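Dear colleague,

Please find the structure below, handed over for your records.

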Amino acid sequence: NKTAIPILVGTKFDYFANFPPEEQEEITKQARRFAKAMKAPLIFSSTSHSINVQKIFKIVLSKVFDLKCNIPKIDKIGEPLLEY
């Protein structure tokens, strides 16, 4: 589909936050590689803790309607990533 917009969303961030730092780093590196290959934004989220849930919708809308997204990016390992 030529109009589809890929977005990579990592769920269960609340569990991820409890992993050892080495494991968080490896998972983040892999997720970034997949997102780059897909040419997609990367978002870590948790619905149970309401982390980045509303921001996912804002990023989707900004991509669909080609709008400027003013959500601050988060790229530090161990934090709920927002890379778009």
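Phenylalanine 16 has a relative accessible area of 6% and is therefore buried (buried means under 20% relative accessible area, exposed over 50% and partly exposed in between, with a 1.4 Å probe and protein chains only). This is a predicted model, in which local features need pLDDT of at least 70, side-chain atom pairs count only at pLDDT 80 or more, and totals for chains, interfaces and linings use all residues. Residues are numbered from 1 along each chain as its sequence is written, and side-chain values use heavy atoms, with hydrogens and water left out.

Four aromatic pairs were found in a search of the whole structure. Rings of Phe, Tyr and Trp (its six-membered ring) pair if their centres lie within 6.5 Å; planes under 30 degrees apart count as stacked, over 60 as edge-to-face and the rest as tilted. Phenylalanine 13 and phenylalanine 44 form a tilted pair, because their ring planes meet at 40°, with centres 6.5 Å apart. Phenylalanine 13 is buried at 6% relative accessibility, and phenylalanine 44 is buried at 6%.

The rings of phenylalanine 16 and phenylalanine 19 have centres 6.1 Å apart and planes at 65°, so this pair is edge-to-face. Phenylalanine 19 is partly exposed, its relative accessible area being 31%. Through ring pairs, Phe13, Phe16, Phe19 and Phe44 are linked into a cluster.

Lysine 73 lies over the face of tyrosine 84, at 4.9 Å from the ring centre (a charge sits over a ring if NZ of Lys or CZ of Arg is within 6 Å of the ring centre and within 35 degrees of the ring normal).

Yours sincerely
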